[in-house]
Amino acid sequence: MAKLRVLYESGEPERVIEFDPREAPFQHDGRPGSILDVLLGHGIHLEHACGGNCACTTCHVIVKQGVERLSPSEEAEDDLLDKAPGLTPTSRLGCQAVIEDPDAEIVVVVPRYTINQM
Amino acid sequence: MALEREGRIIRIVEHAPDTRSLFLRSERLPYRPGQFISCLLPVGGETLIRPYSLASDPEEADLEICLNLVPGGVGSPYLLALPVGAPIRFTGPWGTFVLERAPEAETIFIADGTAIAPIRPMLHRALATAPRHPLRLLYAAESERRLLYRAELERLAREHPLFSFDHVASRALRDEVARRWVDADADRSRRFFICGVGDIVPALRDVLRRAGYERRAVQYEKW
């Protein structure tokens, strides 16, 4: 089973999900097996204003562990991340970063702010 | 959680049998030309998130979204069935595909089909902020009669010497972009704002960036 641990800059309690990536998709938004898909499919909210279509940055997460176990980012994701507040070298869009490895242990932080909304 | 708002449909304009603009009245919403709202649609016992670019100008009182029926989709049939007076919940504005003033370079807007929606307020803003360089719109559609806002665009082209508007069949869009702005000259100082649905958008991005246009000079939004 893969493990996804979610920490929140806002101070909300952390969440941990264990799941089998081969069962993706877990719901209908974002790429199947993406961090967004896993979270929403397990009842955990992650903002995704564009519906998980790689058209905004509201699902920005900072990967603290296991970034090398995620699908590599594509140009469209990198272009959007350029505009994300608090960008870090391990920033990803939750709707695009897919967890394929059934033994992956991923830790992400959900930032407090988004500049998408005025 | 994002702040939820509610608008009410106050007018429906039918562009074609499967394409409409819905005008929403809500509390005043500050936004930037090119941004979108995310409609929260109660369909099948759950809430679907469906983003729609704002085709209206931020200075207008009402919000306009423009959509067509997506074959096999669930969001667009719901919205297109709503009557005048129906409420729509939404969040936003969202998005970083924006233009707030006329760029200091020749600027090319490329839209495919209903993706003219975010380009329209961008173009209005560029024209309203003393442009000093040419502004060109290349608008692709399945056929000429599917062009939205055509009369308005033609009027703007007559009124503004720096603005020109051409249309092209969607299937010819990629080749036309390469012909005009890659093959025709070596000028790579232009700015691009591209919006469309599906693979044509990254295809255009790649044609332009690989030809030498700066990454940040090629802005795009893919739906």
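Visitor: At about what angle does helix 3 of chain B run to strand 9 of chain B?

Guide: Helix 3 (residues 150-159) of chain B lies across strand 8 and strand 9 of chain B. Helices (H or I, at least four residues) and strands (E, at least two) are DSSP runs numbered from the N terminus, and residues are in contact if their C-beta atoms, placed from the backbone, lie within 7 Å. Axes are lines fitted to C-alpha atoms, for helices over the stretch in contact, and angles run from 0 to 180 degrees between N-to-C directions. On that scale, helix 3 of chain B runs to strand 9 of chain B at about 145 degrees.

Visitor: At which pLDDT do side-chain atom pairs count in this model?

Guide: Residues are numbered from 1 along each chain as its sequence is written, while chains are lettered from A and ligands numbered from 1 in the order in which they are written. The model is predicted: local features need pLDDT of at least 70, totals for chains, interfaces and linings use all residues, and side-chain atom pairs count only at pLDDT 80 or more.

Visitor: In which order do the strands of the open sheet of five strands in chain B stand?

Guide: Two strands pair if DSSP finds at least two bridges between them. The pairing in this sheet is parallel. Its strand order is 9-8-7-10-11.

Visitor: Which residue stands opposite B:Leu137 in strand 9 of chain B?

Guide: Strand 8 and strand 9 of chain B pair in the parallel sense over seven bridges. Across from B:Leu137 stands B:Phe165.

Visitor: How many residues of strand 7 of chain B are buried?

Guide: A residue is buried if 20 or more other C-beta atoms lie within 10 Å of its own, exposed if 12 or fewer, and partly exposed in between, with C-beta atoms placed from the backbone. Both faces of strand 7 of chain B are covered: B:Thr107, B:Phe109 and B:Ala111 are buried on one side, and B:Ile108, B:Ile110 and B:Asp112 on the other. Strand 7 (residues 107-112) of chain B is largely enclosed by the rest of the structure, because its buried residues number six of the six.

Visitor: What is the bridge partner of B:Phe109 in strand 10 of chain B?

Guide: Strand 7 of chain B runs parallel to strand 10 (residues 191-196) of chain B, and five bridges join them. The partner of B:Phe109 there is B:Phe193.

Visitor: Through which helix does the chain cross from strand 7 to strand 8 of chain B?

Guide: Strand 7 and strand 8 (residues 135-141) of chain B pair in the parallel sense over six bridges, with B:Asp112 opposite B:Ala140. This β-α-β crossover is right-handed: with the strands pointing away from the viewer, the path from the first strand over the helix to the second runs clockwise. The helix on the way is helix 2 (residues 116-128) of chain B.

Visitor: In which order do the strands of the open sheet of six strands in chain B stand?

Guide: The pairing in this sheet is antiparallel. The strand order is 4-3-6-1-2-5.

Visitor: How far apart are the centres of the two domains of chain B?

Guide: Domain bounds come from an automatic or database domain assignment, which gives domain 1 (5-94) and domain 2 (107-222). In contact are 15 residues of domain 1 of chain B and ten residues of domain 2 of chain B. Taken over C-alpha atoms, the separation of the centres is 24 Å.

Visitor: Which strand of chain B gives the largest share of the side that touches chain A?

Guide: In all, 18 residues of chain B are in contact with 17 residues of chain A. Strand 4 (46-53), strand 6 (87-94) and strand 11 (218-222) of chain B each supply at least two residues of that side of chain B. The largest share, four residues, comes from strand 6 of chain B.

Technical notes
Contact = placed C-beta atoms within 7 Å.
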